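Hello,

Here is the structure I promised to pass on to you. Please open it first, and then read my notes below with the structure beside you.

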Amino acid sequence: MKAKIVMKNQKTVVVGMSGGVDSSVSALLMKEQGYNVIGLFMKNWEEKDENGVCSSAQDYDDVRRVCDHIDIPYYAVNFVENYRKQVFTQFIADFQKGWTPNPDILCNREIKFKVFLEKALELGADFLATGHYCQNLILDKGSPALVKGIDHNKDQTYFLYTLNQQILQQVLFPVGGLEKSQVRDIARKHRLVTAEKKDSTGICFIGERDFRSFLSQYVAIQPGVFQTLQGKNVGKHMGTAYYTLGQRKGLGIGGAGEAWFVVGKDHERGIVFVEQGANHPALYCDELIATDLSWVAEAPLLPYTCQSKVRYRQNDQLCTIHRIENGKAFVTFDRPQRAVTPGQSIVFYVGNICLGGGVIQQPGPTYYDQKKSLPHQSPRDD
């Protein structure tokens with residue numbers, strides 16, 4: 001870490017730096033705006049890849065080079081144990097009950113905007129800044145709101161719905177008002193080493209490795225059968241945890257006709273239900289139950305009609321929150337939704353403002369269950 005003279009009248013911002021271009025530009029922008037900036041790298045996972053290389057060490061080297069280049073001090077903190085206990089353990093537990101969990105949402109709640117934020121404040125920060133594509137704006141009532149990023153293709157509010165008013169008062173999102181292409185241009189203009197670095201994708205602790213081989217190290221998974229809704233066995237599978245609703249690739253089921261899709265799972269009996277056709281009625285439902293609810297501000301007065309997403313990058317879908325009982329929200333949709341998956345989250349919006357969300361516990365009856373046919377206007381996952 002480099003020593004640096006701090007002006008007493010400057011506000012201090014700790015920037016969460018991952019070694020990527022978004023956090024690199026965030027640090028640069030904070031410095032250009034006159035803040036006293038400190039780079040803080042967080043190590044969450046400790047394992048080498050198949051080539052014996054630790055990716056976190058490579059990322060930290062990029063953080064060091066960026067911080068040296070823009071002349072700011074930097075630190076590294078190790079939250080491997082926190083991550084294992086508060087994120088990874090829950091991730092495995094959800095898989096063991098047949099769900100498809102989203103560890104990014106849990107990481108944001110339990111690590112980045114909890115223990116990482118606490119560490120930033122310990123370092124004397126007035127604010128924590130991250131490279132997320134979202135905006136923290138003050139609305140008419142004077143309270144902060146979590147708002148979609150300008151670049152809707154990169155918007156990350158879906159993963160941040162657990163942020164509340166107290167947290168929003170302490171965080172900044174410098175690139176939320178920029179398009180991704182603009183962020184790249186800024187990085188190139190200032191010759192940051194991360195300017196052309198690829199964005200990270202997938203689950204951080206799995207990386208480029210085979211998902212099945214990784215998961216088998218932690219979960220005792222029993223093989224089972226692929227079965228149609230009429231009870232016909234059409235193949236064998238490696239374990240229900242490896243499959244998610246709506247999945248087409250990797251099933252290994254041959255035969256004539258349309259492609260096969262996962263339409264349901266019976267985790268206890270080891271059955272993965274499949275049917276042919278991307279728009280099979282069993283893939284669609286128009287209601288769900290969500291739990292682990294979190295609201296950015298106050299919970300809305302019910303019943304409440306708004307927009308929502310049941311997966312990242314989905315276009316907003318009109319829905320109504322009818323009631324909340326025992327911590328569970330009962331939600332219906334204006335149009336049938338495809339592959340509503342337990343363990344994923346539903347996130348609620350009014351326009352570009354994120355209201356909050358919850359974890360999908362149970363989809364409602366599908367159109368197949370209700371003995372219905374598809375509507376005349378075919379539902380679409382848009």
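Let me begin with residues 286–360: over this stretch the chain is 0% helix and 67% strand, and its end C-alpha atoms are 13 Å apart. The UniProt annotation for residues 286–360, from an unreviewed entry, reads "domain: tRNA-specific 2-thiouridylase MnmA-like C-terminal". UniProt positions are given in the numbering used here, feature names are shortened, and annotations may be inferred rather than shown by experiment. Helices (H or I, at least four residues) and strands (E, at least two) are DSSP runs, numbered from the N terminus.

Before going on, please keep in mind that this is a predicted model: local features need pLDDT of at least 70, side-chain atom pairs count only at pLDDT 80 or more, and totals for chains, interfaces and linings use all residues. Residues are numbered from 1 along each chain as its sequence is written, and side-chain values use heavy atoms, with hydrogens and water left out.

Now the domains. The domain assignment gives domain 1 (12–190), domain 2 (220–276) and domain 3 (284–363); such bounds come from an automatic or database domain assignment. Between domain 2 and domain 3, the C-alpha centres lie 27 Å apart. Four residues of domain 2 are in contact with five residues of domain 3, where contact means heavy atoms within 4.5 Å. The area buried between domain 2 and domain 3 is about 290 Å², and carbon and sulfur atoms give 60% of this. Buried area is the accessible area (1.4 Å probe) that two parts lose on being put together, summed over both.

Next, the sheets. Five strands form an open sheet in the order E3-E2-E1-E4-E7, with parallel pairing. Strand E3 (74–78) and strand E7 (171–172) stand at its edges with a single partner strand each, so one side of each has no neighbour in the sheet. Two strands pair if DSSP finds at least two bridges between them. Strand E1 (residues 12–17) and strand E2 (residues 36–43) pair in the parallel sense over six bridges, and Val14 stands opposite Ile38 in E2.

How many residues of E1 are buried? Six of its six are, so to speak, under cover. Thr12, Val14 and Gly16 point one way from E1, while Val13, Val15 and Met17 point the other way. Buried means under 20% relative accessible area, exposed over 50%, and partly exposed in between (1.4 Å probe, protein chains only).

Another open sheet has four strands in the order E9-E8-E11-E10, with mixed pairing. Its edge strands are strand E9 (233–237) and strand E10 (260–266), each pairing on one side only.

Finally, a site to look at. For "binding site", UniProt (unreviewed entry) lists ten positions by name, among them Asp22 and Gly131. Asp22 sits in helix H1 (residues 21–32) and is buried, with a relative accessible area of 15%. Gly131 lies in the loop between strand E4 (127–129) and strand E5 (134–138), and at 14% relative accessibility Gly131 also counts as buried. Leaving aside neighbours within four places in sequence, Asp22 is in contact with residues including Gly131, Tyr133 and Lys180.

Enjoy exploring!
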